[in-house]
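Subject: Structure handover

Dear colleague,

I am passing on the structure we spoke of, and below it you will find what came out of going through the model. Please read the notes with the coordinates open beside them.

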Amino acid sequence: MTATQQAPAPRGTARDEEPAVRVRGLVKRYGGRAVVDGIDLEVRRGEVFALLGPNGAGKTTTVEILEGVRRRDAGEVTVLGEDPATGGRRWRDRIGVVGQTTGAGNALTVRETLDHYTHYHAAPVPTGELLADVGLTEAASRRVDKLSGGQRRRLEVALGVQGRPELLFLDEPTTGMDPVARRQFWTLVEGLRTRGTTVLLTTHYLDEAAHLADRVGVITAGRLVEVGPPADLGGDLRREVTVRWTEGDAPREVVTSAPGALLRDLLAADPFGEVPDLSVTRPGLEDVYLRLVATPERETR
Ligand SMILES: Nc1ncnc2c1ncn2[C@@H]1O[C@H](COP(=O)(O)OP(=O)(O)OP(=O)(O)O)[C@@H](O)[C@H]1O
């Protein structure tokens, strides 16, 4: 796959200094229930930021407020320097949106659909290039209503990047894609990042967040419970080590952040330095994530 050509991001200007997205105290309620419950968030220019969380956590609601398609009940939001609730045509031209559903016409072919939408952009990516970028060249003459779910998703991604946005929103972009298409999509996002596009994506997939994102925000029950590079997520949880062994006939288990002394004592207790069934494990990203989303009362860092 070739990477979509993007205009280079402006460097060294005042606009560089401000984050692409700044959110303070964001609240959205439905029927008195806060589904977004006081979120603070910053997405830096040029980074890929993943909002990771379970079903119903508030990811789509948050992203749609940032896109200017849902109203908020409280909080301050700035996206590319403007409030999305009042952003006009010029602001909208600077963002790209790939939502969970498509507005693409079903009776048109893939190429006709892309050609049609070129008229909405000042400097669209040429259709041939776009088709190659998303791996749809061979499906270019197929009607949209004949596409598979994964191909339709690629078309939506193509429409999202067609206008060379400075900031691209991707709401669960790889849902319905097979593993090969997911990898192709990841390459596409990496190409966008290389060219300076800021990307805010939502996902359920830990591996996707870990692979693509510079930083991940874990959201659960409308709150952002952790923000950081994927490798740092979980902080103290990550440093906890579980030491297991068998003593007599009984299984033993100790969770500690300093296993050295325990291991020395265990090994010293046996003249041959053998400890039955000894294992030492650190939590993986998935363990950390499951702990984070199970404890929504944790403070935001
Ligand atoms: N228009 C609406 N009216 C009432 N409740 C809504 C509306 N839209 C969303 N909700 C509720 O808000 C909560 C958050 O939904 P949201 O779609 O933002 O979650 P999500 O994290 O994107 O979930 P998923 O991963 O399943 O897409 C859910 O409980 C949902 O039922």
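Two residues are taken to be in contact if their C-beta atoms, placed from the backbone, lie within 7 Å. On that basis Ser141 touches Thr109 and Arg111, once residues up to four places away in sequence are left out of the count. Please keep in mind throughout that this is a predicted model.

To stay with Ser141 for a moment, this residue is found in the loop between α5 (127-133) and α6, and it counts as exposed because it has 9 C-beta neighbours inside 10 Å, where the limit for that class is 12 or fewer. Ser141 and Glu247 are 106 residues apart in sequence, and their C-alpha atoms are 68 Å apart in space.

As for the chain overall, its C-alpha atoms fill a box of roughly 80 × 45 × 45 Å, taken along the principal axes, and it holds 11 helices and 12 strands. Of its 301 residues, 35% are buried. Among contacts with a separation of 6 or more, 70% are between residues 24 or more positions apart.

The largest nonpolar core has 60 residues, of which Val21, Ala50, Ala158, Phe169, Val199, Leu200 and Val218 touch the most other members. In soluble globular proteins, nonpolar side chains tend to be buried together.

Next comes a pair of helices. The axes of α6 (residues 149-161) and α7 (residues 179-194) come within 11 Å of each other and cross at roughly 10°, which makes α6 roughly parallel to α7, as angles under 35 degrees are classed that way. The residues that meet are Gly150, Arg154, Val157 and Val161 on the α6 side, and Ala181, Phe185, Leu188 and Leu192 on the α7 side. Sorted by class, this contact is made of six nonpolar residues, one polar and one charged.

There is also an open sheet of three strands, arranged in the order β11-β10-β12 with antiparallel pairing. Its edge strands, each of which pairs on one side only, are β11 (250-256) and β12, and the twist averages 20° from one strand to the next. Strand β10 (residues 241-247) is joined to β12 by three bridges, the two strands running antiparallel, and Thr242 stands opposite Thr281 in β12. Helix α10 packs on this sheet, where it touches β10, β11 and β12, and its direction makes about 15° with that of β10.

Finally, which backbone angles deserve a look at Ala221 and Asp277? At Ala221 phi is near 50°, a positive value in a residue other than glycine, and at Asp277 phi is likewise positive, near 55°. Ala221 is placed in the loop between β8 (215-220) and β9 (223-228), while Asp277 lies in the loop between α10 (259-269) and β12 (279-281). With 17 C-beta neighbours inside 10 Å, Ala221 counts as partly exposed, whereas Asp277 has 10 such neighbours and therefore counts as exposed.

With kind regards

How values were computed: Residues are numbered from 1 along each chain as its sequence is written. Axes are lines fitted to C-alpha atoms, for helices over the stretch in contact, and angles run from 0 to 180 degrees between N-to-C directions. Helices (H or I, at least four residues) and strands (E, at least two) are DSSP runs, numbered from the N terminus. Angles under 35 degrees count as roughly parallel, over 145 as roughly antiparallel, 65 to 115 as roughly perpendicular and the rest as oblique. Ala, Val, Leu, Ile, Met, Phe, Trp, Tyr, Cys and Pro count as nonpolar, Asp, Glu, Lys and Arg as charged, and the others, Gly among them, as polar. A residue is buried if 20 or more other C-beta atoms lie within 10 Å of its own, exposed if 12 or fewer, and partly exposed in between; C-beta atoms are placed from the backbone. A nonpolar core is a set of buried Ala, Val, Leu, Ile, Met, Phe, Trp, Tyr and Cys residues joined through C-beta atoms within 7 Å. Two strands pair if DSSP finds at least two bridges between them.
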